[in-house]
Amino acid sequence: MTTGPGDFTERAGDQAYHVRPYRPPVNLLWWLRRRTYLFFVLRELSCLAVAWAVLFLMLLVRAVSEGGDVYAHFVTWARMPWIVVLNVVAFAFLMLHAITWFNLTPAATVVRLRGQRVPPAVIAGSAYAGWVVVSALVAWIVLRQ
Amino acid sequence: MTDTIALQVTRYRPDRETEPTVEEFAVPLHNDWAVLDGLNHIKDNMDGTLSYRWSCRMGICGSCGMMVNGEPKLTCASFLTDYGRGPVRVEPLAGFPVIRDLVVDISDFLRKLPKVKPWIVREDEEPVGAGEYLQTPAQMDAYRQFSMCINCMLCYSACPVYALDPDFVGPAAIALAQRYNLDSRDQGAEVRLDLLIHPEGIWGCTFVGECTRACPKGVDPAGAIQRYKLTAALHSVKSLLLPRGAR
C-alpha cells in the first residue's frame with residue numbers, strides 16, 4: 001500500500017492500523033451550494049462597497065469645502081453613467097451590509113430586564129429605529145436651506 | 001410486498017480505492033425507519049463491510065451524523081419517509097477527512113476541545129465537605145441551552161470557514177467554552193478568553209449562521225460566538241481604558 005502525507009497509525013489494543021484518509025477537495029464554487037453561503041460571500045464582498053462609499057463621501061466633502069469650480073467638476077464627474085451605476089450597486093451592497101448587521105445584533109446582545117430576556121425582535125427593532133432616527137437627522141441637516 | 005427506497009451510499013475502501021464511489025441499495029421503506037435503520041439493514045442483510053458510526057438511536061450520543069441529501073443530519077433522526085420516493089444520498093460528514101465509507105476522522109476536534117477547558121474552572125476550590133456550589137434556576141438558564149451540545153459535529157460540517165481553514169477552533173468548541181463562561185460556578189472565563197481571542201478562535205467566525213441551523217439540539221453556536229466577540233471587544237476596551245484594579 002502507498003503512504004501519503006495525511007496517513008496516520010491508529011492503535012487499538014495490541015493492533016496497529018494504517019489509516020489513509022481521503023480529504024475531499026473544496027470546490028471553488030462551494031459558495032453557490034446554499035443561499036446562506038451565497039449571502040455570506042456577498043456580505044463579505046460588501047466591505048468593498050463600504051470602502052468605495054467612504055472614498056466617495058470624502059471626495060464629496062472635499063469638493064463642497066473647495067466650492068465653485070471644484071464642486072461643479074465633482075458633480076459632472078458624479079453624473080457620469082458608470083459612476084451612477086457604481087453607486088447604485090454600492091448602495092445595494094450597503095443595504096445588505098446594514099440589514100444583515102442589524103439582524104445579527106440580537107445574536108450578540110443578550111439584555112435582561114427584571115430577570116426576563118429582552119426578545120430578539122425588540123433588540124433588532126431598536127437598532128432599526130436608531131438607524132431611521134439618525135438617517136432622518138442627517139437628511140434634515142443636508143436638505144435644510 | 002413492502003415498498004423500497006434507494007439509498008445511494010458513499011463507499012471509500014482505502015485498501016482498494018483512491019477516492020470514494022457511490023453504491024446504491026434498495027432498502028424497505030417502513031414508516032418508522034430512519035436513514036440509520038436503512039444503513040443497519042444494508043449492513044445486516046446486504047453488505048456487512050459497510051462502515052459507519054452509530055450508538056443510541058435517540059439523538060443523544062451524537063455518533064450518527066452524516067450528510068443526507070447534502071444536509072448534515074443525525075441519521076437516527078432523519079426518517080426515510082421524509083425523502084419522498086428517494087433516492088436518498090448518504091455521504092460522510094462534509095469538511096472532514098474520510099477514514100472509510102461513512103466514517104470521518106474527528107481527531108482534529110478532539111484535540112481542540114480540551115484546549116477551551118470545557119469544565120468548571122475554579123480559582124478557589126472549596127473542600128468537598130463544604131457541599132455543592134449552589135445555583136438558582138435563573139443562573140442555570142443562562143447556560144442551559146449551550147450545555148445541550150452532543151458533539152455530533154454537524155455544526156462543523158455546515159461551517160464553510162472550517163472547511164476552508166481547518167485551524168479554526170469551530171462552533172461546538174466555542175459554544176462549549178461559552179457554556180462554562182456563563183456558568184455562575186465557573187471562574188475560568190479569563191483563561192478561555194486568552195485561548196479564543198485570536199484569529200483562529202472567535203474572530204475566525206464570519207457569522208454564516210449555518211452551524212445554528214444544522215444543530216439538532218438547538219444550541220445556537222453562532223449566537224454563542226457573537227456574544228463571545230462582544231465580551232472580547234469589551235474586555236479589550238476595558239483593558240485599554242481602565243486601571244488594572246477596576247477591570
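## Report on a predicted two-chain model

B:R57 lies in the loop between α1 (35-46) and β3 (65-68) of chain B, where helices (H or I, at least four residues) and strands (E, at least two) are DSSP runs, numbered from the N terminus. This is a predicted model, in which local features need pLDDT of at least 70 and side-chain atom pairs count only at pLDDT 80 or more, while totals for chains, interfaces and linings use all residues. Residues are numbered from 1 along each chain as its sequence is written, and chains are lettered from A and ligands numbered from 1 in the order in which they are written.

### Backbone features of chain B

Phi of B:R57 is near 60°, a positive value in a residue other than glycine, and B:R57 is partly exposed, with 17 other C-beta atoms within 10 Å. For burial, C-beta atoms are placed from the backbone, and a residue is buried if 20 or more other C-beta atoms lie within 10 Å of its own, exposed if 12 or fewer, and partly exposed in between. B:N151, found in the loop between α3 (137-144) and α4 (154-158) of chain B, likewise has a positive phi, near 55°, without being glycine, and B:N151 counts as partly exposed with 19 C-beta neighbours inside 10 Å. The peptide bond from B:G86 to B:P87 is cis, with omega near -5°, and B:P87 sits in the loop between β4 (71-74) and β5 (88-91) of chain B.

### The two chains

Chain A follows the pattern β-β-α-α-α-β-β-α along the sequence. Its radius of gyration is 26 Å, well over the 15 Å that the globule rule gives for 145 residues, so chain A is more spread out than a compact globule; the radius is taken over C-alpha atoms, and the rule is 2.2 Å times the number of residues to the power 0.38. The C-alpha trace of chain A spans about 85 × 50 × 25 Å along its principal axes.

Within chain A, helix α1 (residues 35-66) and helix α2 (residues 68-78) pack at an angle of about 145°, with their axes 6 Å apart. Axes are lines fitted to C-alpha atoms, for helices over the stretch in contact, and angles run from 0 to 180 degrees between N-to-C directions. Helix α4 (residues 120-143) of chain A has 24 residues, which at 1.5 Å a residue should span 34 Å, in agreement with the 34 Å between its end C-alpha atoms; the expected span is 1.5 Å times one less than the number of residues. α4(A) is hardly covered, with 0 buried residues among its 24.

### Domains and interface

Chain B is divided into domain 1 (4-104) and domain 2 (107-246), with bounds that come from an automatic or database domain assignment. The centres of these two domains of chain B, taken over C-alpha atoms, are 31 Å apart. In chain B, 11 residues of domain 1 are in contact with 12 residues of domain 2, two residues being in contact if their C-beta atoms, placed from the backbone, lie within 7 Å.

Between the chains, 19 residues of chain A are in contact with 24 residues of chain B. On the side of chain A that touches chain B, α1(A) gives the most, with 4 residues.
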